[in-house]
Amino acid sequence: MNRSLILKLFSIIFVLGAWEIGGRIPISFAFPTFFDSIVAFFNLILDGTMFKAYAETLKPLIVGVLISAVIGISIGVLIGLSDKIDWLISPIFIVMQAAPLAALIPLLILAYGIGLTSKVFVVCIMAMPVIVLNTASSVKSVSSSLKEMCRSFLGTKVDEIFKIILPASAPIIFAGLRLGISAGFIGAILSELKITPTGIGDIITYSRSIADYPSMYAAIFSIILLAVLFLNFLEVIELKLFKGSNTKHVND
Amino acid sequence: MSGIVKVKNVFKNYGKVEALRDMSLDFPQGKLTSLLGPSGCGKTTLLKIIAGIIKPDSGEVLVNDQIVKGPGPDRAFVFQDFALLPWANVLRNVAFGLELRKVAISERESIAEKYIEAVGLKGFEKSYPHELSGGMKQRVGLARALSVDAKVLLLDEPFSAVDEQTRRKFQEDLLDLIKKEKKTFIFVTHSIEEAVYVSDQIAILLPRPSRVSEIIKPTNLKNKNPENIRRDPEYLDIVDKIWFSLKTYVE
């Protein structure tokens, strides 16, 4: 555990070090050093810009991720339970996953305008497929002998879903949720860059237009930091929830 | 004596493969009947049909003169691969059959504790399945089946995933348990020695087409000390006899 922590720290230092060196060479006049970016980062926090920005950016992100999680897991379970639903619905999500989202954004704007709805849609399109497909495949791979056991001890179909299938597939559903949320982060930023510049997308666009590159990278850095912290937080919850069955846990 | 479980003219096909053809068999009350045969003779299929997990294509199974339409409270199943919930501790696993029957938590846990002790796992109530050996896992499976208090216990090769020494100990414990519990046991196995050691009645099943070739009833073994059975002349004779009738079906 300690060793893994040291290695993780080392990998972070390595990346940040490369950034600093790259900024000092400099690779491009538009590429600031790590320290300049950090200074800009704290300036943005101190003058409150960052908080206002996140209040905007997190709106479509949270709404979109919540919708994707609830609907995505439900649809995934249905697909996993029935072959017919699988054939009917899976192709939609496979296409959704493969579709070049940036190209679809003009269509979304035509249909839903430039407000929150479109941005939530972008987040959902990014986050939902991986949640649905992961849930479906984990539900399908639940051991048939556990399901037989439930039936032979007089369990109903509802018991089977809530006492066998969901707990058995929970670790993989959770992994899908984590992938979905990180895709949701991408979606949230993409929507702010492609639809209307608000929140973090606004800081990025604005500071680029006035050549304030440290602020631009500070904004990018902040969203990455937030995503990583959130995903780690989710992993901690996951470990707590699945203490009994963490023998096959995937660690990253 | 008429059987508590009666299988009448059961047919079952998997696609083109004929698993059971016109199978009829009676299982006497309070006895342990083994279904013994080489792999592919349909013994597990027959057991799952009795359990109500698989539906026969035609024919019927009667338990206590009631036609089996699905799983029922009169039967409990012990699985070859244990089928324990990996996320639940021993106590919850043993009580799971009662949990599905909506028995209140305090009541089901006290019943479960009683059977955890009966199968020799006292002190492991809070352990998780991945912390137990194969033999201990199957004891959990057995305790779960006993705790729902079914009249008929169906055991599907319960010891096949357990190592040899553990299996012997387990078989001896099973004999004790049968004496105490007064239930009807139906036991699927592919081990001749195991069948002769634990059974009151052995049904030999042969494959292609699947049928009962003979029924053997060891008469005097049950009254003997479990530790002496394995060198008893009757035991050895029966093992030999079964081997001669099965030999031709083993490639």
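**Entry 1: a proline in a loop**
I began with Pro26(A), which I found in the loop between helix H1 (2-24) and helix H2 (34-46) of chain A. Helices here are DSSP runs of H or I with at least four residues, strands are runs of E with at least two, and both are numbered from the N terminus. The peptide bond that joins Ile25(A) and Pro26(A) is cis, with omega at about -15°.

A reminder to myself: this is a predicted model, where local features need pLDDT of at least 70, side-chain atom pairs count only at pLDDT 80 or more, and totals for chains, interfaces and linings use all residues. Residues are numbered from 1 along each chain as its sequence is written, while chains are lettered from A and ligands numbered from 1 in the order in which they are written.

I next looked up Leu154(A), which has a positive phi of about 70° although it is not a glycine. Leu154(A) lies in the loop between H7 and H8 of chain A. The scale I used calls a residue buried with 20 or more other C-beta atoms within 10 Å of its own, exposed with 12 or fewer, and partly exposed in between, with C-beta atoms placed from the backbone.

Lys102(B) is another non-glycine with a positive phi, about 65°. I located Lys102(B) in the loop between helix H2 (90-100) and helix H3 (105-118) of chain B. Lys102(B) is exposed, with 9 other C-beta atoms within 10 Å.

**Entry 2: where the chains touch**
The contact takes 16 residues from chain A and 19 residues from chain B; two residues count as in contact if their C-beta atoms, placed from the backbone, lie within 7 Å. On the chain A side, helix H7 (144-152) and helix H8 (157-194) are the elements that give two or more residues. H7(A) supplies the largest share of that side, seven residues.

**Entry 3: chain B overall**
I found seven helices and 10 strands in chain B. The radius of gyration is 18 Å, close to the 18 Å from the globule rule for 251 residues, so chain B is as compact as a globular protein of that length. The radius is taken over C-alpha atoms, and the rule is 2.2 Å times the number of residues to the power 0.38. Buried residues make up 43% of the 251 residues in chain B.

**Entry 4: strands of chain B**
Strand E1 (residues 3-14) and strand E2 (residues 17-28) of chain B run antiparallel, joined by eight bridges; strands pair if DSSP finds at least two bridges between them. E1(B) and E2(B) form a hairpin with two residues between them, and Gly15(B) in the turn has a positive phi of about 60°. Tyr14(B) has Val17(B) in E2(B) as its bridge partner. E1(B) is also joined, by five bridges, to strand E4 (residues 58-63) of chain B, again antiparallel. There, Lys8(B) stands opposite Glu60(B) in E4(B).

I then turned to the open sheet of six strands in chain B, with the order E6-E7-E8-E3-E9-E10 and mixed pairing. Strand E6 (75-78) and strand E10 (211-216) of chain B each have a single partner strand, so one side of each is left without a neighbour in the sheet. E6(B) runs parallel to strand E7 (residues 152-156) of chain B, with four bridges. Ala76(B) has Leu153(B) as its bridge partner in E7(B).
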